Protein chains: 2
Amino acid sequence: MFPINLRINSDRFQANFRSLAQIGASEDGGINRTTFSPAHLQAREWFRDRITDANLELHMDSAGNHSAILRCISANAPTLLLGSHLDSVPNGGMFDGALGVLAALEVLQTVQDEKLSLPFHLEAIDFTDEEGTLMGFLGSGALTGKLTTNDLLEPRGSRQTFLDLIALAGLTEDGLYNARRNNHSLVGYLELHIEQGEHLCKAEANIGIVTNIVGIGSYQIIFTGRANHSGTTSMQSRLDAAQGVSAFTLEVRKLIIKDFPDCVANIGNISIEPGAFNIVPERAIASLEYRAPTTELLEHLETALLDLAKEQAKRFNLDLETKNLGLHPPAPMDIEIQAIFKRAAHTLGLSAISMNSGAGHDAQLLVEICPAGMVFVPSIDGISHSPREYTTWSDCVNGANMLLLAVLDLSSQY
Amino acid sequence: MFPINLRINSDRFQANFRSLAQIGASEDGGINRTTFSPAHLQAREWFRDRITDANLELHMDSAGNHSAILRCISANAPTLLLGSHLDSVPNGGMFDGALGVLAALEVLQTVQDEKLSLPFHLEAIDFTDEEGTLMGFLGSGALTGKLTTNDLLEPRGSRQTFLDLIALAGLTEDGLYNARRNNHSLVGYLELHIEQGEHLCKAEANIGIVTNIVGIGSYQIIFTGRANHSGTTSMQSRLDAAQGVSAFTLEVRKLIIKDFPDCVANIGNISIEPGAFNIVPERAIASLEYRAPTTELLEHLETALLDLAKEQAKRFNLDLETKNLGLHPPAPMDIEIQAIFKRAAHTLGLSAISMNSGAGHDAQLLVEICPAGMVFVPSIDGISHSPREYTTWSDCVNGANMLLLAVLDLSSQY
């Protein structure tokens, strides 16, 4: 049996966490490490250095995923993956993603320090572009073979941004498909992440055990009217695209509150063309994202949102174009891994609740090819994707120990 | 007396017009000649070449205004200014501004061809940045001494754009003030422009004689909420800046239609920060411009718009910041020049109506230091600031002949 009183090294874990948090740090305490930005490339290099410093095996695949590997004695054994992502949203927080990658690395180092002999290889992975600077879940999509040609042709950012940035990281479009792994090579996938919501704080629980990750859809919604002189064109005769996008933005919120209380939707960006003070807006583009816990709800919500866009376009005599930018279906987590996490929380004396994840995570792709599970630790006031994102250090340590005990539990059963 | 049967050279005028329209032309028939862009610099050079080709005197001032001068016999005589501007809005039309500058040049050439001896110098001027890439009315503001330090410190575009672009054109900030002219040096200012609205088309009139140019105010309206994760933050607990800016955009239109039927307002741009699909918008910035025919209405409208912004910020629990980007008061045109234009229309056998200008023009600054007047020719369907802007060539020629006859009329009276 494995030593269930084993704990990760909090000091080493914290030193790594603080060191990484300086890369891409903004003055207001935020982190700017969008995929393949200079700061993100620097963070990747920092991670590779930590892996070699720790005498772990460094692995990089053709989708830009980085890993530390701790080999077990049997070369042909499968691998238990632990990980998350080092990229951030623009002006995000220091915990999102980074915590899970560093906790995974710390678990490997703890197992290595104890010279434990596990029945599988242990791998701490940093997945490429989880947040969606390029397309979202690029690395985990490539690893699980879920990447499609369509995803690459119509990335969330622009096609040119995608091509420029992967080239900057030394990747090629064709190479992305080669990162795919065989299902049989994986024992499972475990991910520690901050909750990014306020359920745990409100419930005063230490740990969230994820039962299901919500599905996510995204669209560009494009209203087109007619550019005209803002001083000489009467309000009544304008075909003003800004009116359409504004009405849509307000109505989306009302729709969710009224008809889809278990869902959310976000207009995260609006851009206007030509965008001058003295020209009636010709085009207005909304970046729409929506999330639902079940496939059925996700589909109903998509239909309702597109209907809403049509109504608002019609109301202001605008043309409408909608571009589907991809869908991630809801992903139930592995039941057995949830049970393992419950035992780990009990062993550690931590209060744990089961919960949905409102945020998307790489685990939703991994669960399609192997047993996968996630552990959440509390986000103060539920704030995330913001410089004000914060999780106490003791909660971070709890999360890393949850991962460690789950690894030991899986080893015992294997 | 002067020959009232004299007419401008339509062929030469058209050849110049077509040649200029190719500079900065876009594929869809629009013009991109924003101030000091490569195409605008090229158009300026083209204009200087035309002036020297025509054996007219080339004059450039320290605000980047270009002129062709046809000197009269008396060196100390004052100057009658004719002109408009060569810059365009982004993806604007080929008539806006360019028509007035080329008609002015054509009038000088016609007078020169006829070897008429006028009692004043005649000057065809291209004013810098009428459209507001930098600040709007930069050249006419400098020439009339209406430019303030404040205008330069908070330009409509950014301060950096302003500094970069004036440097590109070889201008300096301090130099701008030196373009000021003495009131006594000017006989008056006449400007031909397309109407940019549909009054003339609807009235089936050939010529609009401007009685008054509406006043214009502009603001940046900034709503600030809280960035947060779009998947884990409930709709109710968001502080979503996009909701504020959207509600404001819709309410501005309703306000004008309901309470200010003689005014207009435009939200010409909206920008969102950080602007990612999966982040609740933290900041939303609206570019607001509003116009009214009287000072009293302009002030009432400003108050009502700012109150509206406050209401909408409060409604969505957002912070509000408003930045005043300057005001151009309503400008009544000179009565005597209006009478001269009426006589010219009668001589030419053209139907003319008196009308307000909903658009701002350099004439509104010139009228503060000398008698100024404007002539409009019809815009098909009232479309302007768009590639679809169009005026028939016979209307363009009518406008240029209106200028010519007004010059002769003024000469007779002088």
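Reader: Which way do strand 9 and strand 11 of chain A run, and how many bridges join them?

Author: The two strands run antiparallel, and 9 bridges join strand 9 to strand 11, which spans residues 283–292.

Reader: What peptide bond joins A:Glu273 and A:Pro274?

Author: In general, most peptide bonds are trans. Here the bond between A:Glu273 and A:Pro274 is cis, with omega about 0 degrees. A:Pro274 lies in the loop between strand 9 and strand 10 of chain A. In chain B, the bond from B:Glu273 to B:Pro274 is also cis, with omega near -5 degrees. B:Pro274 belongs to the loop between strand 9 (264–273) and strand 10 (279–280) of chain B.

Reader: Which value does phi of B:Asn55 take, and where is this residue found?

Author: As a general rule, most residues other than glycine have a negative phi. B:Asn55 is not a glycine, yet its phi is positive, near 55 degrees. This residue is found in the loop between helix 2 (38–53) and strand 1 (57–60) of chain B. B:Asp129, likewise not a glycine, has a positive phi of about 50 degrees. Its place is in the loop between strand 4 (121–126) and helix 4 (138–143) of chain B.

Reader: Why does B:Asn55 count as exposed, and why does B:Asp129 count as buried?

Author: The test is a count of neighbours: 20 or more within 10 Å make a residue buried, and 12 or fewer make it exposed. B:Asn55 counts as exposed because it has 10 C-beta neighbours inside 10 Å. B:Asp129 has 31 such neighbours inside 10 Å and therefore counts as buried.

Reader: Which residues of helix 1 of chain A are buried, and which are exposed on the other side?

Author: Helix 1 of chain A covers residues 10–21; its 12 residues reach 16 Å from the first C-alpha to the last, close to the 16 Å expected. The buried residues are A:Phe13, A:Asn16, A:Phe17 and A:Leu20. They lie on the same side of helix 1 because they cover an arc of only 100 degrees around the axis. On the other side, A:Asp11, A:Ala15, A:Arg18 and A:Ser19 are exposed. The cover over the buried residues includes helix 2 (38–53), helix 3 (98–113) and helix 13 (393–413) of chain A.

Reader: What rotation superposes chain A on chain B?

Author: A rotation of 180 degrees, with 0.0 Å of shift along its axis, superposes chain A on chain B with an RMSD of 0.0 Å. The two copies are therefore related as by a two-fold rotation axis. In chain A, the C-alpha nearest that axis belongs to A:Ser246, 2.1 Å from it.

Reader: What confidence scores accompany the model?

Author: Where pLDDT is low, predicted coordinates should not be read in detail. The mean pLDDT of chain A is 95, and 100% of its residues reach 70 or more. The model scores ipTM 0.79 and pTM 0.79.

Technical notes: Residues are numbered from 1 along each chain as its sequence is written. Chains are lettered from A and ligands numbered from 1 in the order in which they are written. This is a predicted model: local features need pLDDT of at least 70, side-chain atom pairs count only at pLDDT 80 or more; totals for chains, interfaces and linings use all residues. Two strands pair if DSSP finds at least two bridges between them. Helices (H or I, at least four residues) and strands (E, at least two) are DSSP runs, numbered from the N terminus. Copies are superposed by least squares on the C-alpha atoms of residues with pLDDT of at least 70 in both. The expected span of a helix is 1.5 Å times one less than its number of residues. The arc is that of the directions from the helix axis to the C-beta atoms. Two residues are in contact if their C-beta atoms, placed from the backbone, lie within 7 Å. pLDDT is the predictor's confidence in each residue, from 0 to 100.
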